[in-house]
Amino acid sequence: MNEDAAQALRALPSVDQVMKTAPAALAAERHGRTEATRAVREALAEMRARVRAGAAPPAAEEIGRAALSALDAASRSSLRPVFNLTGTVLHTNLGRALLAQEAVEAAVAAMRSAVALEFDLSTGKRGERDDHVRELLVELTGAEDATVVNNNAAAVLLVLNTLGAGREAIVSRGELIEIGGAFRMPDIMARAGVKLVEVGTTNRTHPKDYQGALRDETGLVLKVHTSNYRIQGFTKEVPARELAAIAHEKGVPLVNDLGSGTLADLARHGLAHEPTVRETVAEGADIVTFSGDKLLGGPQTGFIVGRADLIAAINRNPMKRALRVDKIRLAALEATLRLYRDPDRLAERLPTLRLLARKADDIADQARALAPAVSEVLGEGFAVEVVACNSQIGSGALPLDDIASAGLAIRPVNGQGGRLNTLADVLRMLPMPVIGRIEDGALILDLRCLEDEEGFLASLAALDRAALEAP
Ligand SMILES: *Cc1c(COP(=O)(O)O)cnc(C)c1O
């Protein structure tokens with residue numbers, strides 16, 4: 001080390017000196033003295049390395065600022081809210097359904113206080129956790145009885161294990177689904193202790209295929225909604241009603257895993273029809289399973305509705321205890337289900353439906369109104385254009401149906417593809433990150449799910465233009 005560097009190192013402030021600066025004091029106030037001191041030591045070590053490499057020794061204030069911003073960044077939640085402008089309304093990786101205000105309030109109230117979770121207020125005796133939603137579910141689906149577990153994957157696992165452990169389950173080859181995140185029907189069957197009996201072929205399954213497979217060892221016949229794909233062309237499946245008759249002839253229950261399953265008629269809100277749970281129950285399924293946070297628009301939960309004797313058996317399964325939901329979600333769920341009692345106001349109160357029902361024209365108006373401000377923030381290097389685009393429901397509902405939408409297409413002006421990724425990175429670093437999708441050389445911000453325009457603009461205002469312009 002030369003004499004200059006040694007002198008520069010001696011010029012670095014001490015930990016105590018840095019701790020006396022305003023930013024370090026703020027760091028101590030926000031994050032505690034121990035953490036602040038540690039961050040200052042770390043910042044000093046980093047500066048020392050830089051000085052050794054020839055940099056000028058920074059002032060105590062600057063080191064304090066470095067420590068403060070490191071602590072602030074590290075304390076930001078990684079589960080923080082984002083703007084979902086991907087165009088996929090029920091985005092599994094972004095947490096699926098947004099809860100209705102009524103559900104949020106119910107959840108918060110349940111978090112803050114003791115609740116009559118398994119306590120019957122009218123008798124003062126022990127109650128049932130499911131009682132809070134059982135009646136609503138029965139009313140909304142037409143099923144005899146209902147229960148709730150952690151998610152639909154858990155619902156399927158529990159149903160298979162209860163009705164089919166050590167026995168066989170008959171499924172059409174065309175319905176052996178894989179849902180994202182390694183939910184594969186054959187694997188779930190194996191874990192549930194059920195022997196899978198595949199019938200038919202990938203594209204065609206006939207009544208005689210099921211009839212030929214039904215025997216004393218059969219525990220259930222399973223029908224699975226092909227949530228995320230369609231088999232098209234020369235195809236044949238056995239309709240649920242007919243399949244129910246075939247199963248019942250042998251005294252075997254029919255289980256229908258609906259996946260998304262909705263409680264409302266989507267056609268009423270300008271969307272394509274998706275089978276409702278009520279229809280599926282009416283078609284003769286003995287058990288129907290579906291998700292709480294897909295089209296239903298509630299918290300993550302899995303529903304099992306159907307025949308009272310089968311639900312009773314499911315409730316006796318010791319696995320049920322391991323898959324149950326907590327009071328917070330149950331409170332949000334009950335409030336969400338209650339909204340379905342007033343179908344006229346559902347689209348206004350349930351965010352999932354409200355967002356799905358937005359008209360492309362209205363979204364285009366919103367895009368036109370926001371474009372100048374976005375363009376201003378991004379500067380000359382990017383062109384911002386209002387475009388028509390397509391949204392998707394997501395989470396395996398109507399996978400082939402696009403919903404006409406609108407948004408902003410952002411392109412680097414001189415056509416350097418790399419900067420598009422930089423733009424996406426910079427938007428993800430905003431205080432409330434903005435998540436779009438890259439398509440045909442543009443970053444598309446589909447505005448279907450943008451309700452908080454003010455928050456969006458405020459977040460954009462914090463954009464780091466220097467990072468955007470860096471080579
Ligand atoms: C989504 C889905 C599941 C899994 O539901 P989760 O709520 O994500 O656990 C199971 N089956 C079908 C048909 C689905 O679409």
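Domain bounds here come from an automatic or database domain assignment, and the model they are applied to is a predicted one. Begin by colouring the chain by these parts: domain 1 covers 3–75, domain 2 is made of 83–92 + 355–469, and domain 3 spans 101–346. With domain 1 and domain 2 selected together, their C-alpha centres lie 38 Å apart.

Next, show the strands of the open sheet, of which there are seven, in the order E2-E10-E9-E8-E7-E3-E6 and with mixed pairing. Strand E2 (145–149) and strand E6 (195–199) form the edges, each of them pairing on one side only, and neighbouring strands are turned by 25° against each other on average, direction ignored. Within this sheet, select E8 (residues 254–259) and E9 (residues 287–291), which run parallel and are joined by four bridges; at Gly-259, the bridge partner to look for in E9 is Phe-290.

Helix H7 (residues 131–141) lies across E2, E9 and E10, running at about 120° to E2, while helix H8 (residues 152–164) lies across E2, E3, E7, E8, E9 and E10 and runs at about 160° to E9.

Finally, select the ligand and its surroundings, a shell of 13 residues of which the closest are Ala-153, Ser-227, Asp-257, Ser-291 and Lys-294; H8 and E8 each supply at least two residues of this shell. An oxygen atom of the ligand lies 2.8 Å from a polar backbone atom of Ala-153, a polar side-chain atom of Ser-291 is 2.6 Å from a ligand oxygen atom, and an N or O atom in the side chain of Lys-294 is 2.9 Å from an oxygen atom of the ligand. Of the 380 Å² that the ligand exposes when taken alone, the protein buries 95%.

Note on methods: Residues numbered from 1 in each chain as written. Predicted model: local features only at pLDDT ≥ 70, side-chain atom pairs only at ≥ 80, totals over all residues. Heavy atoms only, no water. Pairing = 2+ DSSP bridges. Axes fitted to C-alpha atoms, helices over the stretch in contact; angles between N-to-C directions. Contact = heavy atoms within 4.5 Å. Near = heavy atom within 4 Å. Polar contact = N/O pair within 3.5 Å; in protein donor to acceptor, adjacent residues only side chain to side chain. Areas by Shrake-Rupley, 256 points an atom, 1.4 Å probe, with all protein chains shown as cover.
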